[in-house]
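Hi,

Here is the structure I promised to pass on.

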Amino acid sequence: MTQRTTYTLIFVAALLIFLALLPFAREKSDLPFKNVILIGWDGVQKNHFDEMLAEKKLPYFQKYFLDGGTCVDTFITTGTTQTKPGWSEILTGYGPAKTGVFSNLEYAPIPQGYTLFERLEEYFGNDNIFTIFISGKKNNMAATGPHKVCTNCLKRDPLTNASFRRRDVDSYESFLQKRPDQLIFEDRKGEPYFITKNYIDVYHNEIGESGNVLRSALSHIRALNKEKRFFMFLHYEEPDRQGHDYGENSLEYDSAMIEIDKRLEGLAEGLREMGVWDNTLLYITTDHGMNEGANEHTNAPETFFCSIDKENLRENGDRKDIVPTILGRYGIDVEKLTPSFDGTSLTR
């Protein structure tokens, strides 16, 4: 074989590889958007939310997600109506049998590779997408490793109704109604995001109120080259915290929703200022509702999922359907991913 023949064969082989990869590259570059932000409002009761919309108290949600976008009712069919299993299902597309997150008390780290962040890192390549997790809440959104949890301790101070963290044994001695020798502690392998945090670019929680969360989000986006693709999960602890402290029908619960509604406009203005609004797609959802007139959410399965685009979505779905929907919007064939999703795409 001559040297010229060898070079020719190498050129042909390289050309064939390029042509084989061309549709895949085009699929990623021809998307109608570059960035995605999934916004989480924690503990929004659907009926209360609809009443506030009818009273025109949430003008920015109306502007971006109703007038300009699409909404679908979603429901909770697996796991409890609590924060840990709620966001675990929303961010993976899997029920508790696969994530190990059954409730705020019964949980394990989400297995490696299961979250939306990791799916996108794998699809685009680590250098081609920046993944960001920002949460105002620490409890139930944390990434602590192996620890013990008290399974029969009080959830809240009976006098002030203030919440505390079950696993910080020394921090709630005054809240305990049982003798110390009667308390039951169990081992946990870690909180839901203990593994996930190691496979995404930014994991930042316990930021506090919504203004802090928004400022952190915009700061991280501003630090990126605007040509850099990113996916962000932006989680507000409101109005869940106010619902627990004051009740679902309280003025404080209303005020918290009005405040996080204003954050939508603040986010949009920040993205416009940075020149990335036109190629950023926003989604919004909640993890569970609140019991009517109460300060708990033991049975609150009505939720929602909305997009700022006029997407052709089904009339209703499940909170496990969100990941397959978003991945499908990226052009990813979710049927080829393993393990198979418990949810299905909300797109018709």
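Below is what I found, starting with the ground rules and then going place by place.

This is a predicted model, so local features need pLDDT of at least 70 and side-chain atom pairs count only at pLDDT 80 or more, while totals for chains, interfaces and linings use all residues. Residues are numbered from 1 along each chain as its sequence is written, and side-chain values use heavy atoms, with hydrogens and water left out.

**Helix α10**

Helices here are DSSP runs of H or I with at least four residues, strands are runs of E with at least two, and both are numbered from the N terminus. "Buried" means under 20% relative accessible area, "exposed" over 50%, and "partly exposed" in between (1.4 Å probe, protein chains only). Helix α10 covers residues 322-329, and six of its eight residues are buried, so the rest of the structure largely encloses it. Those six are Ile-322, Val-323, Pro-324, Thr-325, Ile-326 and Leu-327. After α10 comes Gly-331, with a positive phi near 90°.

Most residues other than glycine have a negative phi, and most peptide bonds are trans.

- Asn-140 is not a glycine, yet its phi is positive at about 75°. You'll find Asn-140 in the loop between β3 (130-135) and β4 (147-150), and it counts as buried at 13% relative accessibility.
- Glu-206, also not a glycine, has a positive phi of about 60°. Glu-206 sits in the loop between β6 (202-204) and α7 (210-222) and is partly exposed, with a relative accessible area of 48%.

As for cis peptide bonds, one joins Glu-238 and Pro-239, with omega about 0°. Pro-239 belongs to strand β7 (residues 230-239). Another runs from Thr-338 to Pro-339, with omega near -10°, and Pro-339 is in the segment after α10.

**Ser-250**

Last one: Ser-250 is in the loop between α8 (240-246) and α9 (251-273). Ser-250 is buried, at 9% relative accessible area. What lies 2.7 Å from a polar atom of its side chain? The backbone oxygen of Gly-247 does.

Cheers

Definitions and conventions: A polar contact is a pair of N or O atoms within 3.5 Å; within protein, one must be able to donate a hydrogen and the other to accept it, and residues adjacent in sequence count only if both atoms are side-chain atoms.
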